[in-house]
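Please walk through this model one interface at a time. The text begins with a pair of domains and then turns to a ligand and to a pair of chains.

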Amino acid sequence: MSLAPSLFTSPILASATLLHIPDGFLNLVISLLCWLISLAVLAGAVRSTQRQFDERLAPLAGIMAAFIFAAQMINFPVAGGTSGHLVGATLAFIVLGPWLGMLAMTAVIASQAIIFQDGGLVVMGANILVMGIVPGVIGYGIYQMSRGRSRAVQLAATGVAAWISVMAAALVVALLLGASGTTSLSVAIPAMLGIHALIGLGEALITAAALSFVMQTRPTLVQDGAAVGQRRWVIAGTLVTLAVLLLAPLASASPDGLEWVAEQTGFLDTAQNAPYNILPDYTLPFLGETGVSTILAGLIGALLVVGVMFGLFRLLRRPRQAS
Amino acid sequence: MHANTFDRFEHRHSLIHRLDPRVKTVITLLFIVANVLLPDGAWLAFLAAWAFLLLLTVLADLPLFYAAKRSFIVLPFTLAAITVMFTLPGQPLLSWQMGSRQMMITDAGLLRFVSIVIRSWLSIQMAILLTAVTQLPDLLHALQHLRVPRILVAIISFMYRYLFVLADEAMRLLRAREARSARGWAGKSGGTIWWRARVAGHMVGQLMLRSLERSDRVYNAMLARGYDGRLLTLNPHRMQPGDWLAGVLAAAVIAGIQLLGRLPPI
Amino acid sequence: MPVFHHRADPIIASPLPAGAPVIAVHGLSFAYSDGHVALHEVSIDIHAQEKVALVGPNGAGKSTLMLHLNGILGQHDNGRVQVSGMPINRANLPHIRAKVGLVFQNPDDQLFSPTVFEDVAFGPLHMGFAEPDVRARVERALGQVGMEGFGERLSHHLSIGQKKRIAIATVLSMDPEILVLDEPSAGLDPRARRSLINLLRQLPITMLVSTHDMLMVRELFPRMIIMDEGHVVADGPTPALMSDAALLEAHGLEMP
Ligand SMILES: Nc1ncnc2c1ncn2[C@@H]1O[C@H](COP(=O)(O)OP(=O)(O)OP(=O)(O)O)[C@@H](O)[C@H]1O
Ligand SMILES: [Mg+2]
């Protein structure tokens with residue numbers, strides 16, 4: 001991690017952490033799976049936002065997304081040459097409410113990918129999941145548990161929430177990389193968690209300090225922001241936390257986490273080596289090892305690419321119809 | 001320093017710049033997907049993909065290695081893939097003793113690692129190219145045509161507009177902090193970590209309040225011009241025959257590269 | 001958001017009786033939500049084609065008053081503010097907003113779209129014009145402020161002076177009958193300021209302009225209103241008020 005800041009001294013790239021997965025590091029099946037989950041959740045966000053009939057929401061969420069982006073530039077030295085800065089999901093969810101916060105984080109991630117290539121395009125679904133949905137839902141859920149308590153308790157809970165949310169995000173990145181066959185889980189999980197324990201500390205401190213500032217100067221802001229459906233989000237946050245926490249030891253306890261996950265969940269078996277297993281040995285089994293078979297396999301591979309694109313756009317269309 | 005120097009669009013009047021943004025977006029995604037699908041060690045296909053990319057760069061009137069020079073942002077992430085060299089079963093290429101552990105790089109592992117890095121490197125170059133030849137507003141129109149929900153497009157468009165304004169504000173805050181702290185912030189600086197975090201957190205909080213106030217004023221400015229909840233835009237882009245042709249050609253090339261990557265080694 | 005509000009049937013504004021003011025403010029008071037009273041019993045009449053300057057120290061309430069003139073503040077004031085004879089209420093708002101072009105103090109608030117074209121087109125689009133009309137209006141408005149050919153430019157790449165001019169174009173494209181400008185000449189270089197003055201001089205519409213630029217007031221506005229601490233403290237012909245040194249000094253203004 002300490003490599004990133006020294007490589008990119010430009011403050012606007014301060015956000016280039018290991019949480020922004022570039023294209024090429026996840027295989028297609030995992031990428032699409034993540035898109036599927038992210039789109040399903042975002043469809044819910046779009047629907048619920050539109051149901052509120054509040055014309056203010058679009059400029060509010062857009063400008064707050066720009067704020068998260070700009071706030072990521074504000075850093076402070078933590079230790080050993082690393083500097084802490086905001087990732088932002090927990091803060092965005094607290095201030096904007098979960099649904100709008102989710103949309104704002106999606107905008108942040110999309111812009112970082114499109115404008116600065118900070119994070120890939122085809123893996124954007126995964127990045128939205130990792131940096132927007134998972135940490136936001138977890139952070140917000142934990143924060144919600146502390147509502148109604150004293151200010152100190154709320155701030156402490158916010159800090160803990162922010163820290164856990166970053167750790168969870170790091171864990172999910174490791175799992176995705178492992179499942180894609182890009183890294184071995186037994187190495188990736190401890191490495192990612194170790195690095196992000198420190199990054200999470202920055203996130204925790206800044207989120208809590210920012211919230212404390214807002215509580216002092218504009219207390220009404222954090223009070224009416226999140227009156228709706230509190231219980232639901234506490235439960236959602238708990239469930240996501242549990243899911244992530246359960247996956248981790250299970251995956252890393254086995255001698256080779258990757259193999260284990262692949263064995264346990266049959267579909268990941270295909271995922272691990274997508275190009276090979278979809279068209280084994282570049283040939284079609286029923287035609288045997290002939291030249292025709294090889295060329296046909298190539299053609300099918302090419303068609304597959306087109307098909308995937310088609311599917312992608314069909315998926316993109318879905319949330320629209322829902323609204 | 002003005003934040004808008006970070007805008008990556010390159011003003012040119014090339015063939016590629018004039019293409020419909022939808023074609024450019026879809027082709028970029030197609031290229032990246034196809035890349036990810038290429039098998040490990042498909043060197044010829046990797047090379048062909050890069051050649052295609054360079055061809056596009058030239059057609060876009062950009063310096064030949066424009067994208068390559070900006071592609072190093074993936075570097076830190078390659079660290080994440082290094083482990084695969086050691087863990088993938090295969091013929092040992094290199095092995096040494098490290099402490100009590102026997103470290104071993106396998107041929108399959110090395111092949112996988114290099115392939116991952118190349119795929120990623122090709123993908124990011126394509127993304128860099130897309131950004132250099134398409135203004136973000138056009139890209140947003142493309143997204144809208146491609147059925148991304150209107151509210152999300154609107155949020156990204158507001159974000160893009162105010163990103164630079166707020167980044168400027170953040171930089172002013174950072175400069176003010178620098179000016180007031182005698183020992184500077186770059187290295188070890190005064191105060192405990194708590195104190196430093198508090199200062200940074202208050203800056204973030206301040207920026208947040210200003211942003212909220214700004215969103216109020218922007219909303220007012222929209223109201224003043226008749227905004228009633230509908231976000232209307234003109235759709236300036238119409239697919240021309242040339243756009244279709246370019247799209248089909250590019251897709252054919254990408255499919256060809258895929259074919260090349262899956263031909264049996266000679 | 002593609003949310004369609006059902007609009008009440010348009011109210012046909014009863015034609016304004018001859019000689020009636022197009023902007024009529026009577027006994028308007030206003031307090032912000034934090035309790036700060038920004039306007040005290042403000043009354044102003046402005047007639048068609050009048051060009052009026054609004055001056056006063058920082059915090060006098062100029063911007064607050066302007067926000068009332070197209071219903072951003074004070075929608076529930078029961079007719080204390082009337083535009084073209086219409087009281088400001090929900091049903092009248094679309095008409096009033098089409099009539100009153102309000103340009104905000106900070107162009108970064110006024111220009112909220114990524115490109116200049118989209119910003120200048122925003123008003124006409126939301127007034128319901130068809131695409132060719134919108135394009136024609138954008139062309140014309142950009143021409144009026146001397147920024148033709150800037151349509152495809154990105155707003156955040158513009159200089160302050162250019163932003164200010166585009167901000168004015170964003171309301172000129174709506175063909176307003178009344179132009180309300182909040183400090184249009186602040187931050188302009190001499191040449192940009194000069195072309196702004198020429199532009200305002202040429203526009204044959206009613207105008208209320210807040211400014212700290214006393215030279216511009218003297219050159220361009222036959223009538224001037226002085227505000228201080230939420231009160232209208234003077235309202236009259238510019239030459240007369242300008243020559244009252246005691247009055248100007250009492251309200252932190254300087255004779256040009
Ligand atoms: N959103 C707000 N909330 C609370 N108070 C406000 C708000 N906006 C303005 N005020 C207060 O109302 C008073 C009038 O402000 P206003 O902006 O109308 O002054 P102005 O005459 O336009 O000043 P300037 O010349 O600085 O633009 C000021 O005291 C200001 O602090
Ligand atoms: Mg003002």
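Across the interface of domain 1 of chain B and domain 2 of chain B, the rule finds zero residue pairs in polar contact (both at pLDDT 80 or more). A polar contact is a pair of N or O atoms within 3.5 Å; within protein, one must be able to donate a hydrogen and the other to accept it, and residues adjacent in sequence count only if both atoms are side-chain atoms. By class, the domain 1 side that touches domain 2 of chain B has four nonpolar residues, one polar residue and no charged ones. Here Ala, Val, Leu, Ile, Met, Phe, Trp, Tyr, Cys and Pro count as nonpolar, Asp, Glu, Lys and Arg as charged, and the others, Gly among them, as polar. Salt bridges across this interface also number zero; the term means a side-chain nitrogen of Lys or Arg within 4 Å of a carboxyl oxygen of Asp or Glu.

This is a predicted model, where local features need pLDDT of at least 70, side-chain atom pairs count only at pLDDT 80 or more, and totals for chains, interfaces and linings use all residues. Residues are numbered from 1 along each chain as its sequence is written, chains are lettered from A and ligands numbered from 1 in the order in which they are written, and side-chain values use heavy atoms, with hydrogens and water left out.

Five residues from each domain of chain B make the contact (heavy atoms within 4.5 Å). Together the two domains bury about 480 Å², 80% of it on carbon and sulfur atoms. Buried area is the accessible area (1.4 Å probe) that two parts lose on being put together, summed over both. L136(B), L140(B) and Q144(B) supply 83% of what domain 1 buries against domain 2 of chain B.

Now the ligand. Among the 15 residues around ligand 1, N58(C), G59(C), K62(C), S63(C) and T64(C) come nearest (a heavy atom within 4 Å counts as near). A side-chain N or O atom of S63(C) is 2.7 Å from a ligand 1 oxygen. For Q105(C), a polar side-chain atom lies 3.0 Å from an oxygen atom of ligand 1. For H212(C), that distance is 3.1 Å.

Chain B also meets chain A. The contact takes 98 residues from chain B and 97 from chain A. About 8,900 Å² is buried between them. The count is two salt bridges. E213(B) forms one with R218(A), the closest N and O atoms being 2.6 Å apart.
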